[in-house]
Amino acid sequence: MSSFSFPALAQQITLDDLLKRVEAVEKKNADLQQENASLKAEIQAMQNNQAQTTQAAVSPQTVPASPVPAPANGLNFVTSKLKLNISGFLRVENVYSTASAATAGNTQVSNVVSYVAPHGTIGKAQKNDTISAQDSTFNLNIAGPDILGGGKTSGKVQVNFNNPVGSSSAETYQPRLRLAYASIDYDKWGVTAGQNWDFFAPLKTDTINFSLMWRAGDFGFYHPEVYLTDHWGDILGGKVTTQVGIIDSNDIYQDNSGAPVVGAYVSYTTKIAGKDTTIGAGGIFGTSSTSTLNVPGKNNNNIYAEDVNLQVKLTHWLSLKGQGFMGGNLANFMAGPYNTSIPGITDPQNPQYSKPLQSMGGFVEFTIKPLQRLEFNLGAGLDDTTNRGSVIASAADLAVMWSTNRSYFFNVKYSLTKDLTLGTEYQYLRTNYLDGIIGSDNRIDTCLTYNF
């Protein structure tokens, strides 16, 4: 009897188990049907919402526009279809000098000096001390959309307040446009148009004095210009870059000539004796016309210059750079005496025979950076009027035009934080005027700069 009871028991258990499984399957099927119905309802709701959104996009006037929320705390914000970035620095500086500095009209207070003021204007030994924030600078950097062929578009606007306007009791500083240009760049070439630094003389000194060493060997300024840049790639183990373009010197006499200034520049970057080295050479050529001065005949004076420059990374903490130039009629390119009324020196008896002032000069600078936060710069520069012995000029011209202008400087810059820098600079200026008067200036500039 026992032998027949086990199969019966096994059969009974199997049937019960099957019934339970069938019941579980039926319950699970009911749950799935309920979940399926819920999903269908959600899909239908999404389809209805999408249809409403599409209708609003096609006929926006049928859907009232949502108001733009007001900024928090009542602050305004700037929007653009392009990517914008604001950068620059806020600077307060104290300048002490032992002689009068040459400024626009020699009446306004300015921290930007490049030569000692003529003795006939404000006195060669007039001490002064100024505190100002006029060199604070704002940049609006623009990143535009990519264009056909993978080109990148960009732009920049730069403004500072180094534009002093004198009054009877105070000085005010108006905004001054420095840079405003747009660029299209590809891997091998690019085009830049607008007001930018002169591409044919790119090297600049690292002075705290905002005028760098202009008219004392630091040649080149910023002007409206259009130029093409070509990257030629590796040639003889180095990289070659060329630039060609046209420039408006902002000189009325150059504008009167009916043609812009033409410029070119080439640079070669390589390693010499294991040191990173860049060698560059550039030049300009144009014409200025004095025919609007009602003098007999038409007098044209060429604007021309050649410059060479060098940058060498001697060690990880020591670098060298320098520039040399020569040319004529370069007042608007920060070379040669500034206080000339026409592009050249006029023969009082024959004003149509004016001669352009010819200049040559250059600068050299060493940068020492022993620590990440600490930097030293020292340099010297010279601007020499080479044809001073052959020009005919009035006594008034001789009193405001120099034979040589020299400058020497040393500064130290220390980063208190990543964005806050303390700097101090000593600069010596010596200007030899054509009438024999010599002016000298000892200048101490201390500044605190917050970069943003």
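User: Before we start, what counts as buried, exposed or partly exposed here?
Analyst: Buried means under 20% relative accessible area, exposed means over 50%, and partly exposed is in between. Keep in mind that this is a predicted model.

User: Thanks! Then where does Asp-276 fall, buried, exposed or partly exposed?
Analyst: Asp-276 has 41% relative accessibility, so it counts as partly exposed.

User: And which side chain does Asp-276 meet in a salt bridge?
Analyst: That would be Lys-271, with an N to O distance of 2.5 Å. Lys-271 counts as exposed, because its relative accessibility is 55%.

User: How many salt bridges are there in the whole structure?
Analyst: A search finds five. Among them is the one between Asp-146 and Lys-152, at 3.0 Å from N to O. Another joins Lys-239 and Asp-234 at 3.2 Å, again N to O.

User: Lys-152 and Asp-234: buried or exposed?
Analyst: Lys-152 is partly exposed, with a relative accessible area of 46%. Asp-234 is exposed, at 59%.

User: Let's switch to the strands. How many bridges join strand 11 to strand 12?
Analyst: There are 11, and the two strands run antiparallel. Strand 11 covers residues 261–272 and strand 12 covers 275–289. If you want a spot to look at, Ala-264 stands opposite Gly-283 in strand 12.

User: What about the turn of that hairpin, which residue has a positive phi?
Analyst: Ala-273, with phi near 55 degrees. The hairpin has two residues between the strands.

User: How is strand 12 joined to strand 13?
Analyst: By 14 bridges, with the strands running antiparallel. Strand 13 spans residues 300–313, and its Asp-307 stands opposite Gly-282.

User: New topic: which residues make the nonpolar surface patch?
Analyst: Leu-82, Leu-84, Ile-86, Leu-90, Phe-138, Leu-140, Tyr-450 and Phe-452 make it, over about 670 Å². Strand 1 (83–97) and strand 3 are the elements that give two or more residues to this patch. The largest share, three residues, comes from strand 1.

User: Where does Leu-82 lie?
Analyst: In the loop between helix 1 (2–58) and strand 1. Leu-82 counts as partly exposed, since its relative accessibility is 31%.

User: Last one, Ser-136: buried or exposed?
Analyst: Ser-136 is buried, because its relative accessibility of 7% falls under 20%. Its place is in the loop between strand 2 (128–132) and strand 3 (137–143). A polar atom of the Ser-136 side chain lies 3.0 Å from the backbone oxygen of Ala-133.

User: Leaving aside neighbours within four places in sequence, what is Ser-136 in contact with?
Analyst: Phe-89, Leu-90, Arg-91, Val-159, Asn-160 and Phe-161. You've met Leu-90 already, in the nonpolar patch.

Conventions:
Residues are numbered from 1 along each chain as its sequence is written. This is a predicted model: local features need pLDDT of at least 70, side-chain atom pairs count only at pLDDT 80 or more; totals for chains, interfaces and linings use all residues. Side-chain values use heavy atoms; hydrogens and water are left out. Two strands pair if DSSP finds at least two bridges between them. Helices (H or I, at least four residues) and strands (E, at least two) are DSSP runs, numbered from the N terminus. Buried means under 20% relative accessible area, exposed over 50%, partly exposed in between (1.4 Å probe, protein chains only). A polar contact is a pair of N or O atoms within 3.5 Å; within protein, one must be able to donate a hydrogen and the other to accept it, and residues adjacent in sequence count only if both atoms are side-chain atoms. Contact means heavy atoms within 4.5 Å. Patches are made of residues with over 30% relative accessible area and no salt bridge: like charges are joined within 9 Å, nonpolar side chains (Val, Leu, Ile, Met, Phe, Trp, Tyr) within 5 Å. Accessible areas come from the Shrake-Rupley method with a 1.4 Å probe; for residues, only the protein chains shown count as cover. A salt bridge is a side-chain nitrogen of Lys or Arg within 4 Å of a carboxyl oxygen of Asp or Glu.
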